[in-house]
Amino acid sequence: MKNKKLVFSGVQPTGNLHLGNYLGALKNFLALQKETDCIYCVVDLHAITIFQNPKELKNNILETTASFLATGIDPNKSIIFNQSSVSGHAELAWILNCVSRIGWLNRMTQFKDKAGKDKEKASVGLYIYPNLMAADILLYKSTHVPVGADQKQHLELSRDIAQKFNNDFNCAGFFPIPEPLIPKNISRVMSLRDGLKKMSKSEESDYSRINLKDNAEDIIKKIKKAKSDSEPIPDNLKMLEQKPEAMNLLNIYSEISKTSLEKVLNEMAGKEYSDIKKKLADILVSEICPVGKEINKLMKDETYLLQILKKGSEKANIKAEENLKIIREKVGLI
Ligand code: AMP
Ligand code: TRP
């Protein structure tokens, strides 16, 4: 039997959602909600693989929920919930820890980046994090996963785990092999300070990113200060590709203004970066500021946000338990 299209994705509640999360993930979440069933999860168990201050974590779970809602994700259409409130994620993760191979995890570049030089001191959770991510997806038998390019390797691992489970337990086609949905034009929004690094919550300088909660003044200031290039805007893509900071600014502009990069280059070739920066700041202010305002508004109503999560968890839990029952049987657990 062919599985119905079911979308699943997760965002870590580690504070400060930014333009990278917005263009790489949230905007696609919204588009997909229009065409199919979607489950969007605040992945709090992933967040604690690196120590989180408990009070801040609670606030960040609410703020990530508010960010989903503020970008237009509709809790009546899509399931919005937090991972730790559906215990099936942790249970399936354990089963998948026993399916996944150490050799597979040893290849994960995100672990190497996040663990830094002293890998012995990283939490065990950080190491097996990709198995938990596979559990998130497979628990619902999800078929499609919208993510930014940085998650591609983790998605490939989820596919390998699904395949191995289906082989080991002789149940071809039981877990769908999940398809990544990575934005074509802008799969990786880069830092405004360094065009070779991705825009990230953990980058020290706040000038490196546009946060969803930035006000107009912040956005204008950050775009003004963003690194660009000393020469005028080139007239062809080949030359632009040699200039990562300039490429990033034009790429963001092209994505938000829904104009192809070629067309932007045609219009802007020979002009100074201050010209494109002005246009970019304007369009960012009109797209991001309303989202930020809505997040701030929603954050004033904790009861409402908790109620959204509770309702979402109840719906997710029903689906999770249904699938887990069969998964336990397949593995031979009583
Ligand atoms: P995280 O905040 O790491 O949980 O990421 C949430 C989602 O945003 C994932 O789908 C990431 O791939 C995506 N994402 C994070 N940073 C970027 C970026 N700089 N460019 C594009 N997508 C991103
Ligand atoms: N690992 C993802 C990130 O850091 C978050 C995540 C956890 C996720 N579980 C997921 C994304 C399942 C997609 C599907 O961005």
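In this predicted model, ligand 2 has a nitrogen atom 3.0 Å from an N or O atom in the side chain of Q151. The side chain of D136 also reaches the ligand. One of its N or O atoms is 2.7 Å from a nitrogen atom of ligand 2. Q12 faces an oxygen atom instead: a polar side-chain atom of Q12 lies 3.0 Å from an oxygen atom of ligand 2. The surroundings of ligand 2 comprise 13 residues. Q12, Y129, M133, D136 and Q151 are the closest of them.

Ligand 1 is surrounded by 17 residues. The closest are G148, D150, V189, M199 and K201. D150 makes a polar approach through its side chain, where an N or O atom is 2.4 Å from an oxygen atom of ligand 1. The side chain of N21 also takes part, with a polar atom 3.1 Å from an oxygen atom of ligand 1. G20 contributes through its backbone. Here a backbone N or O atom lies 3.2 Å from a nitrogen atom of ligand 1.

The chain is assigned two domains. Domain 1 is made of two segments, 6–187 and 302–331. Domain 2 spans 206–296. Taken over C-alpha atoms, the centres of domain 1 and domain 2 are 30 Å apart.

The size of an interface is often expressed as the accessible area that is lost when the parts come together. For domain 1 and domain 2, the buried area is about 1400 Å². Carbon and sulfur atoms account for 65% of this area.

Polar pairing also occurs across the boundary. There, 5 residue pairs are in polar contact between domain 1 and domain 2, with both residues at pLDDT 80 or more.

Charged pairs were examined next. Side chains of opposite charge can pair when their charged atoms come close. The count of salt bridges comes to 21. Across the interface of domain 1 and domain 2, 2 salt bridges are found. K27 pairs with E287 in a salt bridge, and their closest N and O atoms are 3.1 Å apart. K213 and E63 also form a salt bridge through their side chains, at 3.1 Å from N to O.

Terms used
Residues are numbered from 1 along each chain as its sequence is written. Chains are lettered from A and ligands numbered from 1 in the order in which they are written. This is a predicted model: local features need pLDDT of at least 70, side-chain atom pairs count only at pLDDT 80 or more; totals for chains, interfaces and linings use all residues. Side-chain values use heavy atoms; hydrogens and water are left out. Domain bounds come from an automatic or database domain assignment. Buried area is the accessible area (1.4 Å probe) that two parts lose on being put together, summed over both. A salt bridge is a side-chain nitrogen of Lys or Arg within 4 Å of a carboxyl oxygen of Asp or Glu. A polar contact is a pair of N or O atoms within 3.5 Å; within protein, one must be able to donate a hydrogen and the other to accept it, and residues adjacent in sequence count only if both atoms are side-chain atoms. A residue is near a molecule or strand if one of its heavy atoms lies within 4 Å of it.
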